[in-house]
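User: I am new to this structure and would like to learn how to read its features. Could we go through them one at a time?

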Protein chains: 2
Amino acid sequence: MIAEIIAAGSEMLTPHRQDTNSLYLTSELNDFGVAVAFKTIVGDNLQHLTGAASIALSRADIVVFSGGLGPTEDDLTREAAAFALGIPLRRDPNLLTELAARFAKRGIAMTSNNAKQADVLAGAEVLPNPNGSAAGQFLHTAVGGAGRIVVLLPGPPRELKPLFAAEVRHRLAAILPPRSIAKRLLRMALIPESQVDARTAPIYQQYPDIETTILAANGEIQLHFQTAASTLAEAQARVDELAEKIELEMDEAVFSSHGESLEEVVLLMLGLRSLTLAAAESCTGGLLAQRLTAIPGSSRYFLGGAVVYSDALKTAFADVPPDVIATSGPVSAPVARALADGIRARTGASIAISITGIAGPGPGTGPDAAKPIGLVYIALADDLGTQVKELHIMGDRDRIRWWATQHALELIRKSLL
Amino acid sequence: MIAEIIAAGSEMLTPHRQDTNSLYLTSELNDFGVAVAFKTIVGDNLQHLTGAASIALSRADIVVFSGGLGPTEDDLTREAAAFALGIPLRRDPNLLTELAARFAKRGIAMTSNNAKQADVLAGAEVLPNPNGSAAGQFLHTAVGGAGRIVVLLPGPPRELKPLFAAEVRHRLAAILPPRSIAKRLLRMALIPESQVDARTAPIYQQYPDIETTILAANGEIQLHFQTAASTLAEAQARVDELAEKIELEMDEAVFSSHGESLEEVVLLMLGLRSLTLAAAESCTGGLLAQRLTAIPGSSRYFLGGAVVYSDALKTAFADVPPDVIATSGPVSAPVARALADGIRARTGASIAISITGIAGPGPGTGPDAAKPIGLVYIALADDLGTQVKELHIMGDRDRIRWWATQHALELIRKSLL
């Protein structure tokens with residue numbers, strides 16, 4: 001059984017906007033064992049949209065439309081689906097009443113164009129949309145003797161997602177064969193994808209019933225496992241068994257065994273040991289602090305720190321001796337060490353981390369002028385002492401800064417193991 | 001003249017990965033006056049891909065494929081395009097030699113499957129790919145009597161983009177009618193889209209020859225103008241005329257008249273006046289500093305500052321009197337003011353900015369327990385004194401933090417006007 005997702009909207013055919021609903025819809029459909037075989041993005045053009053709908057009905061069992069359900073002349077999904085299915089639209093009196101009530105409640109006159117939002121494919125169920133005026137529609141029918149499920153959903157993600165969850169899931173469950181799907185997500189940082197694959201493939205290949213996906217991005221590797229079985233417990237036991245074997249193989253490289261982010265894991269470990277953290281950042285300029293404070297509740301374990309972009313602030317906020325900066329340069333192991341020690345003393349944090357480096361595109365200054373772009377020092381100070389790591393990070397400014405914070409978070413995590 | 005973009009690759013039919021090449025390709029095609037009417041995403045399945053190619057050739061003048069040009073069994077774009085066009089593939093001896101040389105240079109044996117990368121659509125030109133082993137292809141042909149341009153491009157963006165720029169642009173220019181396109185981008189912050197549209201529509205509607213697009217996201221409004229004329233100078237004069245009228249109407253709300261980001265504009269203005277900036281951040285936890293330091297060269301004007309997430313650090317790094325925190329609560333106008341004044345004194349910066357607020361999802365503590373989520377105070381201290389703004393920002397933690405930094409950057413910008 002395969003599905004096609006049609007995203008209707010001319011704005012998604014510009015260089016500025018992209019369909020994103022299809023990622024959510026794909027995940028939902030996959031949970032029913034339905035693969036998405038095609039995604040089509042088409043503009044607000046009745047001929048184009050009707051053509052795309054006809055093609056989708058000819059090649060997919062389930063066709064999900066997003067967008068084009070509003071009141072304007074550009075909203076053509078209802079009409080296109082009706083043409084393609086060869087069925088009429090009926091104006092739903094209840095929906096019309098609800099629309100009028102909605103406008104009355106907001107004290108706005110309902111203009112005549114809004115009435116088309118009450119047009120429903122003959123035989124389709126109306127799916128109420130509590131977050132907008134465009135209702136969804138669900139039709140289980142036959143096209144040329146083959147069963148077809150047609151779903152019409154509003155385009156805005158904050159309308160589409162709750163509507164799918166509340167109205168579409170249980171309707172699909174009533175039609176499609178029952179499936180119990182279990183998933184696991186292991187996450188690793190700063191390890192090459194090829195190495196992960198070489199070490200894990202001999203293991204996951206013994207589980208052909210489990211779909212294994214390896215994704216690599218931004219200094220992180222994700223291993224997604226998914227399987228279906230007759231009961232959820234059975235499916236879960238199966239993915240758990242594989243996940244545990246992979247964890248055993250990859251050992252400490254796995255920072256997350258249930259999908260938590262690296263920031264979340266670091267904060268969780270600090271919490272378990274009742275420790276606090278502070279940071280002194282030069283080239284990352286607050287990116288590390290920003291990543292940590294993006295996590296709700298981080299204030300309990302992350303005290304804060306200093307963004308010591310200028311040399312003077314390295315001294316003012318972390319007591320780095322000016323002569324160390326002058327001699328070794330701000331991007332050096334001694335300065336990284338002094339920054340970590342200084343910020344720890346100033347904040348009273350259990351653990352202090354510092355980052356200093358050359359993020360580019362321009363070179364460093366003074367004693368750093370000849371040092372390569374991508375050279376980064378990170379230091380970690382705790383009760384055991386202070387350790388410094390020298391890194392050489394490839395790429396542009398954004399990548400160097402991001403990877404520097406990945407390394408810093410991994411260094412903190414490993415110190416907490 | 002319309003185009004269809006076909007992105008081939010099963011990974012783009014999962015919940016994890018999305019086609020992004022089409023945004024770039026759309027921008028490039030638009031520059032030739034070609035609208036993208038359809039985008040199709042299809043998996044590594046010969047039947048599906050051939051079907052999608054046939055449909056595209058029936059409804060679009062230009063069909064651009066991305067992906068599926070590698071050496072594996074899953075790379076099927078060449079075969080699918082050939083089937084759909086009803087033409088044979090020829091194995092290109094030069095390409096085969098180059099492939100062999102590529103492997104020899106890297107000291108790797110070329111396995112037999114790689115030879116398919118030398119298969120070229122009959123009549124197509126080979127487009128060399130300096131960044132990968134998969135060459136592109138360009139074919140100008142006729143399908144059912146209608147002219148068709150078919151372009152095959154490798155999937156990785158770092159291969160596709162330079163290949164398009166070097167090899168496809170000039171070939172399209174040789175076939176398509178000449179066009180000179182000029183663009184302008186005005187950017188505004190923290191102003192409702194409806195207000196921008198109400199004030200600017202009467203102006204831009206007088207320029208029906210200019211395509212005006214209004215985009216709103218993340219506390220920013222973008223006004224994109226684009227037009228074509230027989231010469232570039234004529235097109236540029238036309239969009240500049242409109243842009244100037246809009247700037248006159250929106251006045252100081254326009255922070256960028258040529259597309260620069262808010263961070264870039266703030267740093268530019270600091271530079272023009274030889275001023276320096278420092279920041280003390282509580283609820284934004286380094287996000288403001290991170291945004292500023294993401295800009296190359298920011299170190300000349302942004303000194304750094306403190307992430308004063310804990311109350312103790314507000315005192316330690318910005319000399320906020322503990323009794324002010326105890327009395328008013330950390331999220332208060334007096335604390336914002338003291339933070340800005342304190343960080344300015346400590347850093348010696350010309351301008352200091354502070355942010356303190358309740359980002360949620362949990363409530364504040366102590367005197368802040370009853371204050372609403374989304375309450376944010378920002379203060380700006382400069383030679384003229386210290387001003388404090390109280391904000392009430394709607395949304396979740398990420399949105400509150402982002403908008404707080406937008407407000408802070410706008411406050412700095414307006415202080416520099």
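Analyst: Start with pairing: two strands pair if DSSP finds at least two bridges between them. Keep in mind throughout that this is a predicted model.

User: In which sense do strand 1 and strand 3 of chain A pair, and over how many bridges?

Analyst: Strand 1 (residues 2-8) of chain A pairs with strand 3 of chain A in the parallel sense, over five bridges. One place to look is S66(A) in strand 3, which is the bridge partner of A7(A).

User: In which sense do strand 3 and strand 8 of chain A pair?

Analyst: Strand 3 of chain A and strand 8 (residues 146-153) of chain A are also joined by five bridges, in the parallel sense. Here F65(A) is opposite L152(A) of strand 8.

User: Which way do the side chains of a strand point?

Analyst: In a regular strand, side chains alternate between the two faces of the sheet. In strand 3 of chain A, I62(A), V64(A) and S66(A) point one way, while V63(A) and F65(A) point the other way.

User: Is strand 3 of chain A enclosed or open?

Analyst: A residue counts as buried if 20 or more other C-beta atoms lie within 10 Å of its own. Five of the five residues of strand 3 (residues 62-66) of chain A are buried, so the strand is largely enclosed by the rest of the structure.

User: Is E211(A) buried, partly exposed or exposed?

Analyst: E211(A), which lies in strand 10 (residues 211-217) of chain A, has 17 other C-beta atoms within 10 Å and is therefore partly exposed. Beyond its neighbours within four places in sequence, E211(A) is in contact with Q226(A) and T227(A).

User: How do I read a pair of helices?

Analyst: Two packed helices are described by the angle and the distance between their axes. For helix 6 (residues 193-204) and helix 7 (residues 232-250) of chain B, the axes come within 10 Å and cross at roughly 150°. An angle over 145 degrees counts as roughly antiparallel, and these two helices of chain B are therefore roughly antiparallel to each other. The crossing of helix 6 of chain B with helix 7 of chain B is right-handed. The residues of this contact comprise five nonpolar, one polar and three charged.

User: How many residues of chain B are in contact with chain A?

Analyst: On the chain B side there are 51 residues, in contact with 52 residues of chain A. The chain B side has 24 nonpolar, 22 polar and five charged residues.

User: Which strands are joined by bridges between the chains?

Analyst: Strand 14 (residues 302-308) of chain A and strand 14 (residues 302-308) of chain B run antiparallel, joined by five bridges. A306(A) is opposite A306(B) there.

Technical notes:
Residues numbered from 1 in each chain as written. Chains lettered and ligands numbered in written order. Predicted model: local features only at pLDDT ≥ 70, side-chain atom pairs only at ≥ 80, totals over all residues. Buried ≥ 20, exposed ≤ 12 C-beta atoms within 10 Å, placed from the backbone. Helix = DSSP H or I, 4+ residues; strand = E, 2+ residues; numbered from the N terminus. Contact = placed C-beta atoms within 7 Å. Axes fitted to C-alpha atoms, helices over the stretch in contact; angles between N-to-C directions. Parallel < 35°, antiparallel > 145°, perpendicular 65-115°, else oblique. Left-handed = near helix turned anticlockwise from the far one by under 90°. Nonpolar A, V, L, I, M, F, W, Y, C, P; charged D, E, K, R; others polar.
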